[in-house]
Amino acid sequence: MTVFRAFSDEQILDFLRAQVRDGQVFTDTKTLKAQSFSPHLSDDSSGLALAYIEAGSTADIQGVMKAARKFHISVIPQDQFTSTVAGADGFEGSFILSTKRMNQIVEISRADSVAVVQPGVVNGDLDEAARKEGLFYAPDPGSKPFSGIGGNVATNAGGMSTVKYGATRDNVLGLKVVLADGREIKIGGRTLKQAFGYDLTQLFVGSEGTLGIITEITVKLMPIPIGEPTMGVAFFDNMTKLAEAVAEIRISGVYPTMLEALDSNTITALDRYEGTHFSENSDAMLIFKVDNRIPEVVNKLEELMDKHGAANVKITTDTKEQAGLEKLRRDMLPAVFAGQNHIMEDMAMPLSKLAPMMDYIHDIGERLNLKIYVAGHAGDGNVHPTIVWPKEQTETPQVVIEALQFMFHKTLDLGGTISGEHAVGMLKNQWNNEELGEDVDQIQHQIKALFDPMNLLNPKRKIN
């Protein structure tokens with residue numbers, strides 16, 4: 001079809017470059033390919049973005065939005081580009097707008113127990129800086145060493161400590177955001193309570209860059225607990241028994257900071273990857289942690305483990321052993337992914353339904369003859385089943401898609417959500433009506449239209 005364009009690409013790029021004073025605009029093919037396509041999720045058949053911009057300031061972001069409005073060009077926000085759901089991939093003719101250069105810790109206030117950061121600050125770097133002040137930043141996604149706070153906020157990232165300290169949204173107090181029309185707004189603040197006006201801060205947390213571009217984040221920090229943290233491992237006959245033990249631990253009053261579950265396939269993969277021998281113990285492994293070695297707490301944990309048939313329970317306060325256990329959990333993904341194609345999913349269940357879901361995933365694997373690795377943040381009901389298939393098979397097998405559809409429907413039947421912490425992106429945006437219902441689905445589109453009437457910001461993500 002013949003299209004009579006008003007502006008050439010070069011005219012658009014010249015205007016764009018004039019708006020970006022503190023950052024840099026990239027248009028070379030190598031950079032565009034590297035920033036446009038998530039590994040294992042999309043490829044260059046999707047088409048290249050027109051430009052990749054690393055913003056150096058809020059003014060740069062406002063300039064990019066000015067160009068986007070003028071030429072009706074979609075803007076794809078990126079931070080450290082770690083999305084697992086194609087939530088920040090570019091597409092043909094778009095602007096990819098990265099905030100990773102905006103990576104300053106503006107303030108750490110011990111008196112107020114808050115930090116103010118730019119979006120490109122890496123999660124682990126913020127936590128390390130806070131600990132020098134006797135505080136810590138609680139959210140700890142598996143991507144903690146390399147994901148940015150801006151991306152964590154955009155996706156409402158979770159992690160291992162969510163069971164006690166909540167996900168990202170539970171730790172965000174305020175934001176600065178550039179809207180699609182170029183205005184920068186300040187919402188929320190640095191107080192622990194806030195009851196004035198509509199809660200726009202929480203509206204932007206988890207919005208996946210579809211409502212605005214986050215330029216500054218105020219988060220709460222926690223005091224480092226007094227005493228020795230205690231970690232341990234326990235082994236169960238299967239994931240169902242493990243889930244039953246977790247459900248009781250959660251309501252026992254011990255307030256765990258970590259309850260991580262690994263099935264037999266995952267344990268075996270870790271043994272291969274780490275040179276360990278955990279798979280000799282049993283078919284399901286629980287890694288647990290509490291903030292203090294209080295005798296009553298440890299005794300209660302041991303009592304509940306024994307009640308639910310746990311074996312080879314080991315509890316330690318040794319810092320090196322604890323670091324090894326945390327590394328083991330963080331190495332789960334590279335251990336499972338090594339040498340094979342994979343899809344890792346992200347359902348979250350009511351705690352009472354975690355055990356039935358574990359049974360169902362196991363049955364699906366057997367029925368469809370699929371290798372499924374199951375792990376997750378058992379303490380908050382977040383399940384991560386990973387389906388793998390041979391590397392030489394480049395297309396996702398239909399049976400894998402079928403298995404995921406079965407799992408998603410079962411999750412919704414049990415009152416869960418098909419995305420606990422990885423967000424929606426483009427991989428699951430067709431499920432909005434199924435999970436939310438027609439009325440809420442429509443309201444979501446109305447909110448999007450209010451903040452972004454030209455549909456410039458991250459189109460086809462979050463909602464479709």
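Helix H16 has its buried residues covered by, among others, helix H7 (200–204) and helix H15 (432–436); covering here goes by contact, meaning heavy atoms within 4.5 Å. Helices (H or I, at least four residues) and strands (E, at least two) are DSSP runs, numbered from the N terminus. This is a predicted model, where local features need pLDDT of at least 70, side-chain atom pairs count only at pLDDT 80 or more, and totals for chains, interfaces and linings use all residues. Residues are numbered from 1 along each chain as its sequence is written, and side-chain values use heavy atoms, with hydrogens and water left out.

So who's tucked away in H16? Asp441, Lys448 and Phe451 are its buried residues (under 20% relative accessible area; exposed is over 50%, partly exposed in between, with a 1.4 Å probe and protein chains only). They sit on the same side of H16, because they cover an arc of only 95° around the axis, taken from the directions from the helix axis to the C-beta atoms. Over on the other side, Glu438, Asp439 and Leu450 are exposed.

Now for the sheet. Four strands make an open, mixed sheet, ordered E1-E2-E4-E3; two strands pair if DSSP finds at least two bridges between them. Strand E1 (24–26) and strand E3 (75–78) are the edges, each with a single partner strand, so one side of each has no neighbour in the sheet. E3 pairs with strand E4 (residues 95–98) in the parallel sense over four bridges, and Val75 stands opposite Phe95 in E4.

H2 lies across E1, E2, E3 and E4. Gln35 belongs to this helix (residues 29–36) and counts as buried because its relative accessibility is 14%.

Key
Axes are lines fitted to C-alpha atoms, for helices over the stretch in contact, and angles run from 0 to 180 degrees between N-to-C directions.
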